[in-house]
Amino acid sequence: MKIIRDLTEYHSTTPLALSLGMFDGVHLGHLSIINKLNEIAEKEHLESAILSFWPHPRKFLNPNDDVKMLNTLEEKLELLEKSGIKNIFLKTFDEEFRNLTGTEFCEQVLVDKLNVKHIIIGHDHTFGKNKSGNFELLKSLSNKLGFKVNQLEAVQTNDLNISSTKIRIALSEGRINDANKMLGYNYPLTGKVIHGKKLGRTIGYPTANIEVPINKLLPKKGAYIVEVYMDNQFYKGMLSIGTNPTIDDQNESLHTEVYILDFDQDIYDKDITIKFRDFLHNEIKFEGLEKLIEKLDEDKRLTEEYQF
């Protein structure tokens, strides 16, 4: 898979079948577009391609916007490569790009630079200044500019259209199973193990504190059953997202820490990957350590019994 980050002097010599968008999550809705894209590319002797943005355009429009993403860039590129896409154009959103009308975008970017011969667009996708570009515009320009265009309907699960927004909402409500169904895979988190206050080991539950990538969306505060991957090994784990109110009620900063079952090694500074499987319960402030330990024992039993 080729990754092209600078379009300034770029001109594709290869005719492309292309789709455009953030593709955040690379979920089942996105995969329906990608599968169609790959199918058309093979049939029409084109190469498949996606034009996306990094960072999110909202960061350009409002630098203070703390936008959280379903995927880090590394996760997104890995998922896109697995999907069979041949070319990824990663554009930085800027003032020049912001001011392109839908028609100018089609002429100057899709045709002149990228040599697009077939475009696939999602059911609700818009582009260009003031969202002036859409399926109708592409259709009206297709003959003049020499490309074909397809619009795909939304993919559904449980009678709901799949979208990145709906996945974010599911995660924010702790509905891990719903989010994973829409994604088509278990929601991941990869980060470095860092030093914490080491409070867990004082109650028999030593945890690995995870340094969360700055723009990565975390599910709601609470406890979760997770898969843990480290050095190509799988472990069962129970993960907490919260402020540890029982042990440290003066702390307001958010911690993400995982207790790994049947594990006792020094893993500081190692990268660890978590995959969320199920929600256990909301964050709880217990009356004392004894009640906390009782709940941890129960969480551990549920994690041990969980069918991974």
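Which residue of S14 is the bridge partner of Leu189? Keep that in mind as we walk through this predicted model, where local features need pLDDT of at least 70, side-chain atom pairs count only at pLDDT 80 or more, and totals for chains, interfaces and linings use all residues. Residues are numbered from 1 along each chain as its sequence is written, and side-chain values use heavy atoms, leaving out hydrogens and water.

**First stop: two helices.** Select 164-172 (H7) and 176-183 (H8), which pack at about 155 degrees with axes 8 Å apart. Helices here are DSSP runs of H or I with at least four residues, strands are E runs of at least two, and both are numbered from the N terminus. Axes are lines fitted to C-alpha atoms, for helices over the stretch in contact, and angles run from 0 to 180 degrees between N-to-C directions. H7 and H8 are therefore roughly antiparallel (an angle over 145 degrees). Now show the side chains that make the contact (heavy atoms within 4.5 Å): Lys166, Ile167, Ala170 and Leu171 from H7, with Ile176, Asp178, Ala179, Met182 and Leu183 from H8.

**Next stop: the barrel.** Follow S9-S10-S13-S12-S11-S14, a closed barrel of six strands with antiparallel pairing; strands pair if DSSP finds at least two bridges between them. Zoom in on S9 (188-194) and S14 (271-281), antiparallel strands joined by five bridges. Here is our opening residue: Leu189 has Ile274 of S14 as its bridge partner.

**Last stop: a helix across the strands.** Select 289-305, helix H9, which lies across S11 (222-230), S12 (233-242), S13 (255-260) and S14, and runs at about 145 degrees to S12.

Key: Parallel < 35°, antiparallel > 145°, perpendicular 65-115°, else oblique.
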